[in-house]
Amino acid sequence: WIFAIIFLPYVGALVCGLFGTTRWERRTGRKRAAAAQIDQSIPAGTEELETGGDELHRWAPVARLVADLTGAPALSGNQVELSADTRRSLEMVEETIDAAQRWIHIEFYIWRSDKVGRHIRDRLIEKARAGVQVRFLYDGVGSMQLSRQFLKPLRAAGVHVAPFTPGLQVWHMLTLNLRNHRKIVVTDQQTAFTGGMNIGDEYVHPTKSYGQWRDTQLRLRGPAASQLQRVFAQDWLFATGEELTASEYYPAPQRCGPAAAQVVADGPDNAVDTFYMAAVAVLGLARERVTLTTPYFVPPEGLEVALAAAARRGVRVRLMIACRGNFIWTLHAGRSYYESLLDAGVEIYEYEKGLFHAKTFSVDGEWSLVGTPNWDFRSLILNFETAVAFFDRQLAEELESHFEQDREFARRIDQDQWRRRSRLTVLHEQFWRIFAPVL
């Protein structure tokens, strides 16, 4: 930013003002009080890991770390369904909406006004007309194409609609770079949905530009669903001022399955970068294997070092990264990290079948994470993100199985060939790496 201000007078300062902000205080005194009341509605449960089986006890320090940073403890008694098929994922969204009886809270970064977007909108309208409370929150930049005409039927049916920082007010312009990248559906049935997929045609139907979309989603039933409701309530409070503190929005926890789960939420309104710190902690505990998938790989230096350190001490570290997408400069910047990781023994794969968008993390077949954050500066430091961590072998092994299937459509980066790439290619990669803090 110093170079931008010096060499691009006026323009550099303006761009720095719009895109240089990395922290955001979004709570007034009244909103802090309401947020504290929301937090009190979440059941306690981290201590259950201390007395659990070997696989749970080992990861208790990570659960305590996340609980300390977010206020969300690990909770047992959850049922989790993973999906690597976007059509099935869309069905999961529809089923979650259809099962609601009293309220539906839905939040997405991108919501298209196309066939799929209209289809899910109309299901929300049906539920609202049937007497179900529906709240619809969308990011003001990611979903800027949503018109008044598209939103009018929602409002007419009684759906509460709100944008998250639309960027119209002057103070919103200063936080234009800090987006709400979350995807959440949560209902009164203690059922929630999250993952990498947004709502639109391209996520479900192959396109000429992207091909088949490959993403990972989950449906969560049980006590931990209340933690995703907490995340939505905090965002809704900021966007609208409405305090969702009534007990009906936080039903008594009911055990639905065997998995221990913990919702991890982070954003630029927090003093500590939760995903960043948790990832470094988990990599430090890895003993055997790490599998990580992300469409965008531009990690802060600490994560690059943590990955390399794990590989050098004998952990098998494997990365699956998209080799095509809508941000080609991010791909080039990410490739500038390959050489140091390859030297450390990290296996790097680039997915070639279609647009790879899955955001997962699995360690030693015991601990895993699925959600919205990419492994880049934007997700780990700038955006509002959410994910669910699992302390469950079956789920971790399922994610590893997805990784093995994806390897059939991926190209492994050969270290010797990579070193022989042209100097012009290296220069291109290093140029885009300059912009890593905003990618």
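The largest nonpolar core of this predicted model has 52 residues, and V317, L319, I348, F361, W367 and W375 touch the most other members. Such a core is a set of buried Ala, Val, Leu, Ile, Met, Phe, Trp, Tyr and Cys residues joined through side-chain atoms within 4.5 Å, where buried means under 20% relative accessible area with a 1.4 Å probe, protein chains only. Helix α13 (residues 301-312) gives the most to this core, six residues. A second, separate core of 35 residues includes V93, I110, A157 and V204.

Numbering runs from 1 along each chain as its sequence is written. Because the model is predicted, local features need pLDDT of at least 70 and side-chain atom pairs count only at pLDDT 80 or more, while totals for chains, interfaces and linings use all residues; side-chain values use heavy atoms, with hydrogens and water left out.

The whole structure holds six cavities of 30 Å³ or more. A cavity is a set of points on a 1 Å grid over the protein atoms alone where a 1.4 Å probe fits but cannot get out, and lining residues have an atom within 4 Å of a point.

| Cavity | Volume | Lining residues by type |
|---|---|---|
| Largest | about 170 Å³ | 14 nonpolar, three polar, one charged |

Of the 18 residues lining the largest cavity, F275, F361, L369, P373 and W375 are the closest to its centre. For the second largest cavity, helix α14 (residues 328-335) gives the most to the lining, with three residues; the lining includes R324 and I328.

Note on methods
Buried < 20%, exposed > 50% of the residue type's maximum accessible area, 1.4 Å probe, protein only. Helix = DSSP H or I, 4+ residues; strand = E, 2+ residues; numbered from the N terminus. 1 Å grid on protein atoms, 1.4 Å probe; cavity = no way out; pocket = protein on both sides within 12 Å on 5 of 7 lines; lining within 4 Å. Points joined across faces, edges and corners; volume = space filled by probe spheres on them. Nonpolar A, V, L, I, M, F, W, Y, C, P; charged D, E, K, R; others polar.
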